[in-house]
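My notes follow in the order in which I checked things.

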Amino acid sequence: MKTITQRELAARSKAVLDDVEAGETYHITRNGTEIAEVRPISPRRRFVPVEELQRTWERAPRVDHRQMRAETDEFYGDEDRVDEGADDPWRST
């Protein structure tokens, strides 16, 4: 843990926040009295391995698109839905 003044924090905020992101904790003082603590909120990962993403997607629930469409139509109605076959730019011909 490091202690710095409010003025130091204002002058070196980028460096202080870089340290906090790396895991450092700072106590901030004003007129010699500690008034705040700046610390990381949680460990952050910048990189997620592809294998971990694949395992996550494999465990994800499967979506039944027909059931989803039926439920959506039941909730919102289907009278305003654009004709699926007419001008669908994503439809392969």
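This is a predicted model: local features need pLDDT of at least 70, side-chain atom pairs count only at pLDDT 80 or more; totals for chains, interfaces and linings use all residues.

**Entry 1. The hairpin**

I looked up β2 and β3, and they form a hairpin with 2 residues between them. The two strands pair in the antiparallel sense over 5 bridges. I then went through bridge partners: R30 has T33 as its partner in β3, and T29 has E34 there.

What stands out about the phi of N31? It is positive, about 55°, although N31 is not a glycine. I located N31 in the loop between β2 and β3. Is N31 buried or exposed? Its relative accessible area is 77%, and exposed means over 50%, so N31 is exposed.

**Entry 2. The sheet**

Next I asked in which order the strands lie. The sheet is open, has 3 strands in the order β1-β2-β3, and its pairing is mixed. Its edge strands are β1 (2-5) and β3 (33-38), each pairing on one side only. Direction ignored, neighbouring strands of this sheet are turned by 30° against each other on average.

T5 stands opposite T29 in β2.

For the protein I noted 10% of the 93 residues as buried.

**Entry 3. The helix on the sheet**

Which helix packs on the sheet? I found helix α2 (residues 13-21) there, touching β1, β2 and β3. The direction of α2 makes about 145° with that of β2.

**Entry 4. Salt bridges**

Side chains of opposite charge can pair when their charged atoms come close. How many salt bridges does a search of the whole structure find? I got 3.

I started with D19 and K2, whose side chains meet at 3.8 Å, N to O. The cut-off is 4 Å, so this pair counts as a salt bridge. D19 is in helix α2 and K2 in strand β1, 17 residues apart, and the pair links distant parts of the chain. I looked up the cover of both. D19 has a relative accessible area of 27% and is partly exposed. K2 is also partly exposed, at 38%.

The next salt bridge joins K14 and D18, with the closest N and O atoms 2.8 Å apart. Both residues lie in helix α2, 4 residues apart, which is about one turn of the helix. Here I noted K14 as exposed, with a relative accessible area of 60%. D18 counts as partly exposed, at 35% relative accessibility.

The last one I looked up is between the side chains of E37 and R39, at 3.1 Å, N to O. E37 counts as partly exposed, with 45% relative accessibility.

**Entry 5. Aromatic rings**

I searched for aromatic pairs and the count comes to 1. The ring centres of F75 and Y76 are 4.8 Å apart and their planes stand at 85°; planes over 60 degrees apart count as edge-to-face, so that is the label I wrote down. I checked the cover here too: F75 is exposed, and Y76 is exposed as well.

**Entry 6. The whole protein**

I ended with the overall numbers. The protein has 4 helices and 3 strands. From the N terminus on, I read the elements as β-α-α-β-β-α-α.

The accessible surface comes to about 8,800 Å², and carbon and sulfur atoms hold 52% of that. I also took the contacts between residues at least 6 apart in sequence: 20% of these join residues at least 24 apart.

Note on methods
Residues are numbered from 1 along each chain as its sequence is written. Side-chain values use heavy atoms; hydrogens and water are left out. Two strands pair if DSSP finds at least two bridges between them. Axes are lines fitted to C-alpha atoms, for helices over the stretch in contact, and angles run from 0 to 180 degrees between N-to-C directions. Contact means heavy atoms within 4.5 Å. Buried means under 20% relative accessible area, exposed over 50%, partly exposed in between (1.4 Å probe, protein chains only). Accessible areas come from the Shrake-Rupley method with a 1.4 Å probe; for residues, only the protein chains shown count as cover. Rings of Phe, Tyr and Trp (its six-membered ring) pair if their centres lie within 6.5 Å; planes under 30 degrees apart count as stacked, over 60 as edge-to-face and the rest as tilted.
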